[in-house]
Structures are given as C-alpha cells and as structure tokens.
Amino acid sequence: MKLIRFKSSGKIKPGIINKKGEWLDVSRFGEDYNEEFFSNNGIQRLITWLSGNIDNCPKVSQDEQLAPPVCRPSKIVCVGLNYAQHAKESGMQLPKEPVLFFKSTSAVCGPNDDVIIPKNSTKTDWEVELAVVIGKKASYVNESDAMSHVAGYLVHNDVSEREFQLEREGQWVKGKSNDTFAPLGPWLVTTDEINDPHDLRLWLKLNGEMMQDSNTSDMVFKIPELISYISQFMTLLPGDIISTGTPFGVGLGLDPQRYLTPGDVMELGIDGLGFAKQTVIKYE
C-alpha cells in the first residue's frame, strides 16, 4: 500500500493511492500517519477499514500539494558513509561501525517543496537516500528480528550544508538540520510492495543532469544491521525514520566541487518509491 498526506484547504489530510493510481482521501478513518497510528498496527487497521469503506473515499486531485507522508517523527537517525563509493569520493575511510547523526525534525518538508539555501551558506549539497520508517518500537533488537520493525520505505533528500557540517566545530547535525533540509516522499510504500530493499536503483538529477545513479546493494551496512545497531543506543519509536546513506555523486565529491544555487532543480527517485522534484531558493 502507498500512503500519502496532502494539503487541502489549509489542512494536511491522510490518503492512499489505490491500485488504479488514484489518490483517495481517507480522512474518515480518523487518524493521521503518526506515532500513535504506527504503534497501534495502523497499517493493518487501515487495510481492514478500506475493505468496507474504499468506495466512499473521495478522490483527490493530483494537482494537490503533497505533504511529508509521515507526520513529524520523534527523530530522524541518519547513517553517514554507508555507500563504499561515496566514502571514497569524500576522502574518508570506510567505517567499521555505522556512522550515526541526527537530523532535526523541523527540517522535514514535502517531496516537492522548495529547498531553502540557508543564511551564510555557500556549500549546500544534495543526497538521495532510502529512508526506512519504523513501524514497531525497537529496543535492543536482534538482526534476525529487525525487519519485523519496519513499516515501509520512502525517498529522502538528505540536503546538507558542507561548511556547517565539516568545517565548523562540533557535530554534523549543524549542516543537516536547516529548514527544508529533509524533503520526504512522495509516499510511504509498505514493506509488502518492496521485494528487496537492498536491490533498488536510486538516482538524483540536477537541472536535468544525472548526478547520482546507484543501487542500494552498495550499502556497507544493510537495514537489519542498522536497526539492530541503532537500537542498542536508543529506542526507535513507531514513525521514526532511519535514513540509510547516500551513494556517490554528491557535490562535495566532484572535482571541482559543485553546490546548489538559487533556481537549481533537483529531481530524485528510488525504484518502487516514486520520485520528487525540488526547486532551490535563497533564504529571505
């Protein structure tokens, strides 16, 4: 199943995409796609509800603006240097353990929203990533059980300001958390629709030029290992997001380096998860 959230009359409403590709409003189900929804077996309850109510769900114009497919999560845990070729282009050694950092949830925006270059930024960069949405509370999870904690997958552009991230004192989070630096979606795809999340093409174009074109098979640490590892240090709550890292082709790794400027257009997508389009604007 594909879950969407869309903006209508100033409100964000939950929806689904049916088998015909139509957008349907499921507001009558009475829940948003948040921690409470996921923690109470919301996906299965929604499927059951739809079996008797889908014909009464209003169709939604696909001209409506999409919101993030998950209501603001309690946290976004990101994994750095998780693609072998990306680590090489960044001039960094392949990590022996997952490199973790946080991204502020205030950075979350819709899949086609504008991305704002922050004040005093000269090195804002792009990063297409596969994001995993947690569906069940995870604490001290074994790898063998880790995938049972996954609700689904979505596209994430882990927009990054490289000077803030790498050249300033402190942790990476400063370069990762500016407003609009976490476009999510277009939709959340449940696990039953993805045969193998470790064999998905992911790509990003900048102004029509292919910059990133790789496959999740190049991940250093796979999803079960990431969930198990992260859960040793913190409890993952339903609706939380793990962003699994980006492949080679970011601006930081180019020679000469290249960064986003106002007017640039990023298009990005992942097999089975749809694609997004974001225009870059200057902070005002």
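View 1. On a 1 Å grid over the protein atoms alone, a cavity is a set of points where a 1.4 Å probe fits but cannot get out, and lining residues have an atom within 4 Å of a point. This is a predicted model, in which local features need pLDDT of at least 70 and side-chain atom pairs count only at pLDDT 80 or more, while totals for chains, interfaces and linings use all residues. Residues are numbered from 1 along each chain as its sequence is written, and side-chain values use heavy atoms, with hydrogens and water left out. The largest cavity has a volume of about 110 Å³; a volume is the space filled by probe spheres set on the grid points, which are joined across faces, edges and corners. Its lining is made of 18 residues, and those nearest the centre are His-86, Glu-127, Arg-162, Gln-165 and Trp-172. Helix H5 (162-167) and strand E6 (76-80) each bring at least two residues to this lining, with H5 giving the most, three residues. Helices (H or I, at least four residues) and strands (E, at least two) are DSSP runs, numbered from the N terminus. Sorted by class, the cavity lining has seven nonpolar, six polar and five charged residues. Here Ala, Val, Leu, Ile, Met, Phe, Trp, Tyr, Cys and Pro count as nonpolar, Asp, Glu, Lys and Arg as charged, and the others, Gly among them, as polar.

**View 2. The largest pocket.** A pocket is an open set of points with protein on both sides within 12 Å along at least five of seven lines. About 310 Å³ of space lies in the largest one. Its lining includes Met-1, Lys-2, Ile-47 and Glu-193. Strand E2 (11-17) and helix H2 (42-53) each supply at least two of the lining residues. By class, the pocket lining has six nonpolar, two polar and four charged residues.

**View 3. An open sheet of five strands.** Follow the order E9-E20-E19-E16-E17 across this sheet, and you'll find mixed pairing. Two strands pair if DSSP finds at least two bridges between them. At the edges sit strand E9 (115-117) and strand E17 (209-215), each pairing on one side only. Zoom in on E16 (residues 201-206) and E19 (residues 265-270): they run antiparallel and are joined by five bridges. Leu-204 has Leu-268 of E19 as its bridge partner.

View 4. A disulfide is a pair of cysteine sulfur atoms within 2.5 Å, and the structure holds zero of them. For Cys-57, the nearest cysteine sulfur is that of Cys-71, 20 Å away. Cys-57 counts as buried, at 8% relative accessibility. Buried means under 20% relative accessible area, exposed over 50%, and partly exposed in between (1.4 Å probe, protein chains only). For Cys-78, the nearest cysteine sulfur belongs to Cys-109, 14 Å away. Cys-78 is buried too, with a relative accessible area of 0%.

View 5. Most residues other than glycine have a negative phi, and most peptide bonds are trans. Asp-255 and Pro-256, though, are joined by a cis peptide bond with omega of about 5°; Pro-256 lies in the loop between strand E18 (241-243) and E19. Thr-180 isn't a glycine, yet has a positive phi of about 75°. Look for Thr-180 in the loop between H5 and strand E14 (182-183), where it counts as buried at 13% relative accessibility. Asn-207, also not a glycine, has a positive phi of about 50°. Asn-207 is in the loop between E16 and E17 and counts as partly exposed, at 42% relative accessibility.
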